[in-house]
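Reader: I would like to learn how to read strands and the loops between them. Please take me through some cases.

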Amino acid sequence: MTLIGIDLGTTNSLVSVWKNGRVEIIKNSLGHIMTPSVVSLEEGDGILVGEIAKQRRISHPNHTAFEFKRSMGTRKEYVLAHRRYYSEDLSAFLLKKLIEDTQDALDTEITQAVISVPAYFDDNQREATKRAARIAGIEVKRLVNEPSAAIIYHQWKTQNTGREGNYLVIDFGGGTLDVSVVDCFANIIEIISISGDNKLGGKDFDRYIAEDFCKRFDLKFPKLDKLTKENLLWVAENVKRNLSREDRVIMRATIENKEYEAEYTADELLKVTAGLLLKMQAVINEALKGARIELEQIVDIVLVGGTCKMPLIQKYLSALFHRDVVADAECEQLVALGVGVLTGIIGRDEHVSDIVMTDVCPFSLGVGTYHSKVDSELSMSVIIPKNSILPISKSGIYYGLEKFQEQIKFGIFQGEELRAKDNLYLGSLFVDVTPNENGDTAAQVTFCYDINGILQVYAQDLNGDNRAEMVVVSKNFQLSDQEIEQRKIDIEKEQRFEKNKEENRHILAWGHRLYAQANPEYKDYIAGIVNDFAYYVEQNAVAMVQRKKKGVIEQLLALEKVVNRDYFENEDVITELLDED
């Protein structure tokens, strides 16, 4: 039975297989290695996938869906003519096409696959990917983070010539950006930290160009009809590609039966997309901060994904890091090639059996807790911090709020926010507890998180033999009428502060933001500051709030410098690049 690797991309998808001691990319039915991640509903209710569907983006925009990977794990619906689909349904159509083409190419049945996902996919998104595979009729042997897959191939390819040390992997695809810091030593690949933006990719450059084009002629891009928008985005993508080879490009488009044209140069592209470059820089900075290393400790920068082929991206990164940063000719295939190598590792092929790779937890995992009886909301108590090396098992001890309490409920959450409700809810575990002679209760909660992203939670009564356990299955966000009404109530509760206390609200929001951005060693300290101040604000203890306010502000200012260290401080790279020309 053949195990295949699938790079399920936002823009294009690829399939790889490990054969005869090497990795091979499988061609689709049209003889291409890339299959556009596009699905279209035919007039006779047939489903078209890939290159044909991509062409229908312009001719049949209301029958065609694309970039649906960005909505994986959500309840966003895609309406194709008269039918409604979720992202996982559309992904299943795509996967089925990939599998059928691979079976024809290899002349064998395919029932298992290793599938790559963005490193910053949360539990819902990963579960949705697995569901899509099950709908398509295959078992997911393992999900692997895209940058991790890329560095596996890079290290396998350069095993005799590559340098040892810290690598920065920048995976910039059509729809997502992932950045990882990786420590490579001999045959050991250790992911140190990851950061990402699931809403930033090459397609955003197309949109920025299209919006700028409209702005030049006082047109409103959002108000255009769907057909005109798709055509404009298509033309914008060609402008982006052509600027990789030419100094200047004329963009032409027909909008509302009128012809428009405008000239674009590399410098103008830099100005138009500067906001996207700064977003990319912020994600890189976050990865470096999580790794706790200096810029000079990066031995090499590996570029992955089609967006990294843009000269603008390479030029910007070269200026940012003060070194040449160039994309490999295989940059668009690196993830697929890496997933293929991983299938060989899983199959214990002798050519790659000695490669060892560790990965990290992309988001913090923990339980919701009350610090005291007067707390009105659950706070996040982290058990497994973000960027912890997998697999991992960690525990925490928690106490009941009431005397002679008979049961403790543990809500399980994933994320970096201080308030538990602002993180991704994964489920709840109830454990019966036995009071001691003083009426106090306590339980130890243990999280076990494995390399496949499966979380097992155990709760043990510390005064008795009671025990509870569960395997966490992601909650799918299908909101009922009752849940919608509850959300309305929650929003109203969040407006509990009076309007004339904006400064207090700002301080609390500031603390929440710092908590979300902070490395694990600072989270408890920040939580203590915020929760203490929030208690007096909620109690309307005006004098105490005024007494504490100055000290809280000073503490947060000091923490700001530590938490949000900028590796690229005073690096106005965009201005420097423009000045060079």
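**Strands and loops**

Author: Glu 256 is placed in the loop between strand S15 (248–255) and strand S16 (258–265). Strands (E, at least two residues) are DSSP runs, numbered from the N terminus. This is a predicted model, in which local features need pLDDT of at least 70, side-chain atom pairs count only at pLDDT 80 or more, and totals for chains, interfaces and linings use all residues. Residues are numbered from 1 along each chain as its sequence is written, and side-chain values use heavy atoms, with hydrogens and water left out.

Reader: What is the phi of Glu 256 near?

Author: Phi is near 50 degrees, a positive value in a residue other than glycine. Glu 256 counts as exposed, at 63% relative accessibility. Buried means under 20% relative accessible area, exposed over 50%, and partly exposed in between (1.4 Å probe, protein chains only).

Reader: Which loop holds Ala 186?

Author: Ala 186 lies in the loop between strand S13 (177–185) and strand S14 (188–197). Ala 186 is not a glycine, yet has a positive phi of about 55 degrees. With a relative accessible area of 52%, Ala 186 is exposed.

Reader: How do the side chains lie in a regular strand?

Author: They alternate between the two faces of the sheet. In strand S8 (residues 77–80), Tyr 78 and Leu 80 make up the covered face, and Glu 77 and Val 79 the uncovered one.

Reader: In which sense do S8 and strand S9 pair?

Author: S8 and S9 (residues 83–86) pair in the antiparallel sense, over four bridges. Two strands pair if DSSP finds at least two bridges between them. Tyr 78 stands opposite Tyr 85 in S9. The two strands form a hairpin with two residues between them, and Ala 81 in the turn has a positive phi of about 60 degrees.
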